[in-house]
Amino acid sequence: EREKKLAETKKLFEFIREIDDLQEWIEMQMTTAGSEEYGTDVEHVEQLTAQFESFVSNMNSNEARVNSCVAKGESLLNEGNPNKDIIKGKRDETKQLWEELKDLVVARQEALAGAKQVHVFDRTADETIGWIHEKISAVLSEDYGHDLETIQALVRTHEGFEAELGAIKEQLESVVAEAQKLGDTFPDCQRTHRSQARRNDRGVVRAEGEDDSAQGEAYAEC
């Protein structure tokens, strides 16, 4: 009888040591999976995503270890180990931790995908703003020509700019629509997206007004 109890106690302590090590490992993985770093731009978030996918692959390769440890607990219970409450508690804690880790992984993957959408939007919005500013600078030029030929050339340039305004407006509408979509999906970023859209909108209106003014002055010179 004493030998049996010693054997049961030995199996219990071996199980506890193994499952405690496993729980510690799972908690370390949870720290990584719970990261709130989302990158500073598209390239950075893509790098973080690649690193996290490598992490997920390594985590999944350890699922057999989790299943094996849980199975050992089940085996001890089936053998009628007298410390069933301790064994059940450790088993259930481990299963719960593993499920929580998997939930964190899914949440992190979704968050990184969302962060990439936001960074892509930011880049597109910045490019649109830069495009608008470039056109405004051209319209603000004080070169009104010094003879008929140069004035006519400037008029043609402004006419070309008017045609480009259509493309700018189309790009702006796309940016505004994406801002609304991201604002609905990621409320924390909504204020930034609306601000970007308003900046773009003001730029187009300003460019249109200044183009009309500059073109009028060019015609007046004629």
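1. The model is predicted. With a relative accessibility of 38%, D92 counts as partly exposed. Its side chain meets that of R91 in a salt bridge, at 3.0 Å from N to O.

2. R91 also forms a salt bridge with E74, where the closest N and O atoms are 3.1 Å apart. R91 belongs to helix α4 (residues 84-139) and E74 to helix α3 (residues 63-78), so this pair ties together parts 17 residues apart in sequence. The relative accessibility of R91 is 13%, and R91 therefore counts as buried, whereas E74, at 29%, counts as partly exposed.

3. Within helix α4, K102 and E99 lie 3 residues apart, about one turn of the helix. Their side chains meet in a salt bridge of 3.2 Å, N to O. K102 is partly exposed with a relative accessible area of 28%, and E99 is partly exposed with 41%. Through salt bridges that share partners, E63, E99 and K102 are joined into one network. The structure as a whole holds 10 salt bridges.

4. Turning to the packing, helix α1 (residues 2-33) and helix α2 (residues 42-61) pack at an angle of about 160°, their axes being 11 Å apart. The two helices are therefore roughly antiparallel to each other, and their crossing is left-handed. On the α1 side the contact is made by W25, Q29, T32 and A33, and on the α2 side by F52, F55 and M59. These contact residues divide into 5 nonpolar and 2 polar, with no charged ones.

Technical notes: Residues are numbered from 1 along each chain as its sequence is written. This is a predicted model: local features need pLDDT of at least 70, side-chain atom pairs count only at pLDDT 80 or more; totals for chains, interfaces and linings use all residues. Side-chain values use heavy atoms; hydrogens and water are left out. Axes are lines fitted to C-alpha atoms, for helices over the stretch in contact, and angles run from 0 to 180 degrees between N-to-C directions. Helices (H or I, at least four residues) and strands (E, at least two) are DSSP runs, numbered from the N terminus. Angles under 35 degrees count as roughly parallel, over 145 as roughly antiparallel, 65 to 115 as roughly perpendicular and the rest as oblique. A crossing is left-handed if the near helix is turned anticlockwise from the far one by less than a right angle, and right-handed if clockwise. Contact means heavy atoms within 4.5 Å. Ala, Val, Leu, Ile, Met, Phe, Trp, Tyr, Cys and Pro count as nonpolar, Asp, Glu, Lys and Arg as charged, and the others, Gly among them, as polar. A salt bridge is a side-chain nitrogen of Lys or Arg within 4 Å of a carboxyl oxygen of Asp or Glu. Buried means under 20% relative accessible area, exposed over 50%, partly exposed in between (1.4 Å probe, protein chains only).
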